[in-house]
Amino acid sequence: MSILTFTLILVLGAYLAGLVGSLTGLGGGVVVIPLLTLVFHVDIRYAIGAALLASIANSSGAASAYIKEGITNIRLGMFLEIATTVGAVIGALLAIYTPTNTIAILFGAVLLFSAAMTLRKKNQEALTEGSTLSALLKLNGSYPTETGTVEYKLKNVGAGFSIMTVAGVMSGLLGIGSGALKVLAMDTAMKIPFKVSTTTSNFMIGVTAAASAVVYLQRGYMDPGIAFPVVLGVLGGAFTGAKLLTRINPATLRIIFCVAITFVALEMIYNGYHHKF
């Protein structure tokens with residue numbers, strides 16, 4: 001395969017990753033890493049390094065649009081990033097000493113969890129009664145809809161913060177945005193409306209990935225020839241996804257995504273179990 005063909009396929013795959021990541025809040029790594037490892041047989045640590053940069057690009061592209069529309073809860077995102085950033089550094093350090101086949105198996109397991117979380121019933125209701133801590137930290141917010149502005153309040157802030165720490169570890173260890181865990185923390189534990197949790201997750205993913213990326217960069221696990229086309233494609237997909245989110249119902253996309261990601265997850269687990277990484 002020529003360098004040009006490799007680059008074009010990588011850009012197209014990364015574009016898909018950015019599109020899916022911005023629409024689901026899961027981050028682009030769930031597509032980028034399997035593409036690099038299963039199709040191009042890139043070492044999984046280099047794939048994780050590229051995926052972290054992809055997550056930063058994905059977050060930058062989608063988050064800017066969501067913030068402009070007034071959907072993202074910036075104060076909540078900054079508060080929860082304390083947990084995810086600490087976890088991300090820990091996860092990145094663990095990844096350096098973890099066998100690649102173990103990382104692949106764990107990656108597949110997280111993909112299966114992400115697929116299941118994508119299909120679950122989403123919290124669309126805005127709470128009118130929140131916790132004392134959410135009010136004290138001024139984490140409650142509002143977002144615009146077609147019928148007007150909806151105000152919402154939060155609960156279980158401590159539980160959400162704890163889940164975010166685990167999400168940060170998974171992000172640093174596996175190179176994925178851990179958006180499923182972040183949305184789980186905000187949507188299920190803290191009872192935030194799904195649109196807000198998805199957009200806030202996109203806002204946070206970039207900061208979490210940046211904390212992990214520093215460790216991978218210092219260890220030499222970032223190849224410009226892989227990272228540049230990945231970032232270029234993901235950024236384009238993220239901007240497209242941000243525009244589509246307000247216009248389409250992504251339910252059909254989620255089902256297609258879950259079927260595809262389940263197949264990829266099983267392939268990653270199988271190859272990891274047989275030490276093919």
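**Exercise 1. Determine whether Y66 is buried or exposed, and locate Y66 among the helices.**

Solution. The relative accessibility of Y66 is 0%, so Y66 counts as buried; buried means under 20% relative accessible area, exposed over 50%, and partly exposed in between (1.4 Å probe, protein chains only). Y66 is found in helix 3, where helices (H or I, at least four residues) and strands (E, at least two) are DSSP runs numbered from the N terminus. The C-alpha atoms of Y66 and T198 are 9.9 Å apart, although 132 residues separate the two along the chain.

The model is predicted: local features need pLDDT of at least 70, side-chain atom pairs count only at pLDDT 80 or more, and totals for chains, interfaces and linings use all residues. Residues are numbered from 1 along each chain as its sequence is written, and side-chain values use heavy atoms, with hydrogens and water left out.

**Exercise 2. State how many helices and strands the protein has, and in which pattern they follow along the sequence.**

Solution. The protein has 11 helices and two strands. Along the sequence the pattern reads α-α-α-α-α-α-β-β-α-α-α-α-α. Of its 277 residues, 54% count as buried.

**Exercise 3. Identify the buried residues of helix 2.**

Solution. Helix 2 spans residues 29-39, and nine of its 11 residues are buried. These are G29, V30, V31, V32, I33, P34, L35, L36 and T37. Just after helix 2, H41 takes a positive phi of about 55 degrees.

**Exercise 4. Classify how helix 9 is oriented to helix 4 and to helix 7.**

Solution. Axes are lines fitted to C-alpha atoms, for helices over the stretch in contact, and angles run from 0 to 180 degrees between N-to-C directions. Angles under 35 degrees count as roughly parallel, over 145 as roughly antiparallel, 65 to 115 as roughly perpendicular and the rest as oblique.

- Step 1: helix 4 (residues 74-97) packs against helix 9 at about 30 degrees, with the axes 8 Å apart; the two are therefore roughly parallel.
- Step 2: the axes of helix 7 (residues 157-174) and helix 9 (residues 194-218) come within 9 Å and cross at roughly 45 degrees; this pair is therefore oblique.
- Step 3: helix 4 passes helix 9 in a right-handed crossing, and helix 7 passes helix 9 in a right-handed crossing. A crossing is left-handed if the near helix is turned anticlockwise from the far one by less than a right angle, and right-handed if clockwise.
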